[in-house]
Amino acid sequence: MFEHFEPRHIPTLFTATVMTFGGMWSYFDARAAMLEFGLPERIASTPAAAAVMQINNARTTVLGMCLYTLYFRRQPTACDTILAILGAYAGLVDSYVVWKEGNPRKAAFRLVSSGLVSAVGFAGWTAGR
């Protein structure tokens, strides 16, 4: 299963794991997932926001599963493409929304970590370019 594993694959596998399983968190405790994401209590404690978070996180989990699927099908270039686009676009949107909602520290963390994910993808680390 991991015959083709190389240390440079760690960012892809880490991201796939965080997205697949982290995306499921909101099904068990949507309020805690929103607070960890960086949203304020006034949003996290709203029942309607929980439904939106759960719908959103279904897509997050699917992207994580896609990364795993592409990795195990030995399509590293596709993994890098997903990391590059996901890290750049979703990272910017997530950071902006969290900053706008009053959590600049968590917004900065999201911006830096997603920027690193994007850089790994654009650099083609998984494919070894």
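**Salt bridges in a predicted model**

At 56% relative accessibility, Arg42 falls in the exposed class, because that class begins over 50%. The model shown in these views is predicted, and 4 salt bridges are present in it.

**View A. Salt bridge between Arg42 and Glu101.** The closest N and O atoms of Arg42 and Glu101 lie 2.3 Å apart. Whereas Arg42 is exposed, Glu101 is partly exposed, its relative accessible area being 24%.

**View B. Salt bridge between Glu41 and Arg31.** Here the side chains meet with an N to O distance of 2.8 Å. Distant parts of the chain are again linked: Glu41 is in helix H3 (residues 41-44) and Arg31 in helix H2 (residues 25-37), 10 residues apart. Glu41 has a relative accessible area of 37% and is partly exposed. Arg31 is also partly exposed, at 39%.

**View C. Salt bridge between Glu6 and Arg8.** The closest N and O atoms of Glu6 and Arg8 are separated by 2.3 Å. Glu6 is partly exposed, with 33% relative accessible area. For Arg8 the relative accessible area is 31%, so this residue too counts as partly exposed.

Notes. Residues numbered from 1 in each chain as written. Predicted model: local features only at pLDDT ≥ 70, side-chain atom pairs only at ≥ 80, totals over all residues. Heavy atoms only, no water. Buried < 20%, exposed > 50% of the residue type's maximum accessible area, 1.4 Å probe, protein only. Helix = DSSP H or I, 4+ residues; strand = E, 2+ residues; numbered from the N terminus.
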